[in-house]
Amino acid sequence: MATEEISRTQGLNPSQQSSSLPDYPQMILEAIEALNEKEGSSMSSIAKHIDSTHSDLPASHSTLLSHHLNQMKQMGQIVMVNNNYSKPNPNAPPKRGRGRPPKPKVPLPPGVVVSPPRPRGRPPKPKDLLAPPKPKSVSTGRPRGRPPKKAKTGTATAPPPPPGVKRGRGRPPKVLPSVGFQ
């Protein structure tokens, strides 16, 4: 407990102060150079090499190793190809990002002032100072919008069936009006 408090005041982790381990990025680069595999070194082979060369590794060695491998990969210190890690080729061109590359900017001659870019969106309509002002609102006496529906009055609705008679299944047959055709 006391060693942890002392190490925190000095800014070091307890595992780094008590052991003579080099940094993980340094151990990883040493392992990749020592293994010297053509297709690159896998994470397990790097871990085995570090384990064989350094005896006093922390319990969270695999977690620390994967974290530092991912961190080094994102910073460009190592390259991952087919789940194998290797050092980047110094002659290789830099990796391009996704999408279309931006157009090259033409350098302006000295003394030319660049105007600010136009604001986004539709420009406002020009105000005509000579036009008469518009009236606020013209009232026609009717409210705006669709008028409400009127309530239905009792028009030709079918009388309810007599009580006690069951209705049959399905649609009832059409009732023909009793008009004599002659």
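Which residues of α3 are buried? Please keep in mind that this is a predicted model.

1. **The buried side of α3.** Tyr24, Met27, Ile28, Ala31 and Ile32 are the buried residues of this helix. They share one side of α3, because the arc they cover around the axis is only 135°. The general rule is handy here: an α-helix has 3.6 residues a turn, so residues three or four places apart point the same way.

2. **What lies over that side.** The cover on the buried residues of α3 includes α4 (43-53), α5 (61-75) and β2.

3. α3 is made of twelve residues, and the distance from its first C-alpha to its last is 16 Å, close to the 16 Å expected at 1.5 Å a residue. Just after α3 comes Asn36, with a positive phi of about 50°.

4. **A salt bridge from α3.** The side chains of Glu33 and Lys87 form a salt bridge, at 2.3 Å from N to O. This pair connects distant parts of the chain: Glu33 belongs to helix α3 (residues 24-35), while Lys87 sits in the segment after β2 (84-86), 54 residues apart. Searching the whole structure turns up one salt bridge.

Methods: Residues are numbered from 1 along each chain as its sequence is written. This is a predicted model: local features need pLDDT of at least 70, side-chain atom pairs count only at pLDDT 80 or more; totals for chains, interfaces and linings use all residues. Side-chain values use heavy atoms; hydrogens and water are left out. A salt bridge is a side-chain nitrogen of Lys or Arg within 4 Å of a carboxyl oxygen of Asp or Glu. Helices (H or I, at least four residues) and strands (E, at least two) are DSSP runs, numbered from the N terminus. The expected span of a helix is 1.5 Å times one less than its number of residues. Buried means under 20% relative accessible area, exposed over 50%, partly exposed in between (1.4 Å probe, protein chains only). The arc is that of the directions from the helix axis to the C-beta atoms. Contact means heavy atoms within 4.5 Å.
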